[in-house]
Amino acid sequence: MKKIIVSFGFALLAIVAFGQVSKTVNVNTAGSLSNLLSDTEKQTVADLTVTGTIDARDVMLMRDSMTMLANLDLSGVNITAYAGIKGTINESFTYPANEMPIYSFSIPYSYSGKVSLKSVKLPISITSIGSYAFFLCNGLSGSFTIPDSVKSIGNGAFGACEGLTGNLTIPYSVTTIGDSAFYDCKGLTGSLIIPNTVTTIGFGAFYLCTGFSELFLPQSLSEISNVAFASCNGLKKITIANPIPPSIYIWTFYQVNKNTCQLIIPPGSEQAYQSASYWSDFFANIPQSKTIHLTTAGTLKDSLSHTEAATIASLFLTGIIDARDVRFMRDSMTVLASLDLSGVSIAAYTGIKGTINQSFTYQANEIPFFSFRQPSTYSGKVSLKSIKLPNSITSIGNYAFFLCSGLSGSFTIPDSVKSIGNGAFGACEGLTGNLTIPYSVTTIGDSA
């Protein structure tokens, strides 16, 4: 008896010692994965790469029989259709081709997912992620990639996957996001950008996703279902590209702090949003767009109330300004995102109320130095997203836009500019596209 016990102990130690098995399997015939693995492999494989052709029967095997499966790479497989009782829901069902099957790694009609699963690479050919495919797979950790081929994300597809972290990138192929698709994914952080292909966001789709700080909703969006973003209480800014308020429900943004979350809407759409009772009631201040003509330099401060200064997101300025007005835009217009100065002239100014907080002489026709960077600090005006420079300027001052990391897309340097100062656009990482330096320019400063 002792010999049998000792032998069994050594066998158990061997399984433990060699339990973390890696395996690559090519499946030529869908439904045959079970025949390509031994019983021991099914119980010990932790890292599995599958290529070839599979269907819902193979996914069911990975879910139910591969007890130690932790890292799964399906990027090289094609998923074919299957109709029968041996798929992932244990009853007669028709599974579409090119879809991660319904309940792929969640036990159907139970409140449990495959907790051993730590990472997954989805097939690059799929067009849909089925309902509850990874629901309650709370062992999944780190970031993951949704293939560019995916058009729909099913109900509860990644619901309660609390271990997922980092930014969530939804590809531009996606048109629908189902109910509770990312419910309770608390670890997802940063900016959530819904692409301009999505038309509907389902009930509770991002409910309890507390890590997101910014949300972008596209013009294509026509309906946001109830509690879609409820309890996303980390949100500080919601940007909506649609000039017409999308249809939403009273609880859509329940428990998002209306006093600290800014709503950014397209210029000229204020009346439409203010007449939509939900939007106007929910947010304390809807940032405005405004056109102002100044006949006297240094008077921008007197042209705006404190509320306007705090809520204007888009400003079109004409007339004459100087360094005092630029300082006011930098320091007091806290949500200023789009600034059009193409119609202004910049006058000279001497005094202590300019952009550097000490007595200084600012030249005419120059974007003042430190225009949108705080002097003596390592920070720029990050709210600023786009800028149109005055057509009459001859110089862009030192550090004018240094560390304005919110600036994005392309910009134009006017043909009148002769010099670009030190650090003028330094560390503006968001600027993209071609840079055209006009033939008028004679000097480009250090770190420009």
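Predicted model: local features only at pLDDT ≥ 70, side-chain atom pairs only at ≥ 80, totals over all residues.
Which residues line the second largest pocket?

View 1. Residues are numbered from 1 along each chain as its sequence is written, and side-chain values use heavy atoms, with hydrogens and water left out. The second largest pocket is lined by Gly298, Lys301, Asp302, Arg324, Asp325, Arg327, Phe328, Asp331, Ser332 and Lys353, and about 260 Å³ of space lies in it. A pocket is an open set of points on a 1 Å grid over the protein atoms alone, where a 1.4 Å probe fits, with protein on both sides within 12 Å along at least five of seven lines, and lining residues have an atom within 4 Å of a point. Helix 6 (300-303) and helix 8 (323-332) each supply at least two lining residues, and helix 8 gives the most, with six residues; helices (H or I, at least four residues) and strands (E, at least two) are DSSP runs, numbered from the N terminus. By class, this lining has one nonpolar, two polar and seven charged residues, where Asp, Glu, Lys and Arg count as charged.

**View 2. The largest pocket and the residues around its centre.** About 620 Å³ of space lies in the largest pocket, which is lined by 29 residues, with Lys237, Thr239, Ile264, Ala337 and Lys385 lying nearest its centre. The elements that give two or more residues to this lining are strand 11 (190-193), strand 13 (212-217), strand 15 (237-240), strand 16 (262-264), strand 17 (288-294) and strand 18 (312-321). The lining has 13 nonpolar, 11 polar and five charged residues.

View 3. Four strands form an open sheet in the order 11-13-15-16, with parallel pairing, where two strands pair if DSSP finds at least two bridges between them. Strand 11 and strand 16 are the edge strands, each pairing on one side only, and the twist averages 15° from one strand to the next. Strand 11 and strand 13 pair over four bridges, with Ser191 standing opposite Glu214 in strand 13. Four bridges also join strand 13 to strand 15, where Lys237 is the bridge partner of Glu214. Strand 15 and strand 16 pair over three bridges, and Gln262 in strand 16 is the bridge partner of Lys237.

View 4. Strand 3 and strand 7 pair over three bridges, and Val120 in strand 7 is the bridge partner of Leu72.

View 5. In helix 3 (residues 56-64), Ala56, Asp58, Val59, Leu61, Met62 and Arg63 are buried, that is, under 20% relative accessible area with a 1.4 Å probe and protein chains only. What covers these buried residues includes helix 2 (39-44), strand 2 (45-54), strand 3 (71-79), strand 4 (82-84) and strand 5 (93-95), contact meaning heavy atoms within 4.5 Å.

Methods
Points joined across faces, edges and corners; volume = space filled by probe spheres on them. Axes fitted to C-alpha atoms, helices over the stretch in contact; angles between N-to-C directions. Buried < 20%, exposed > 50% of the residue type's maximum accessible area, 1.4 Å probe, protein only.
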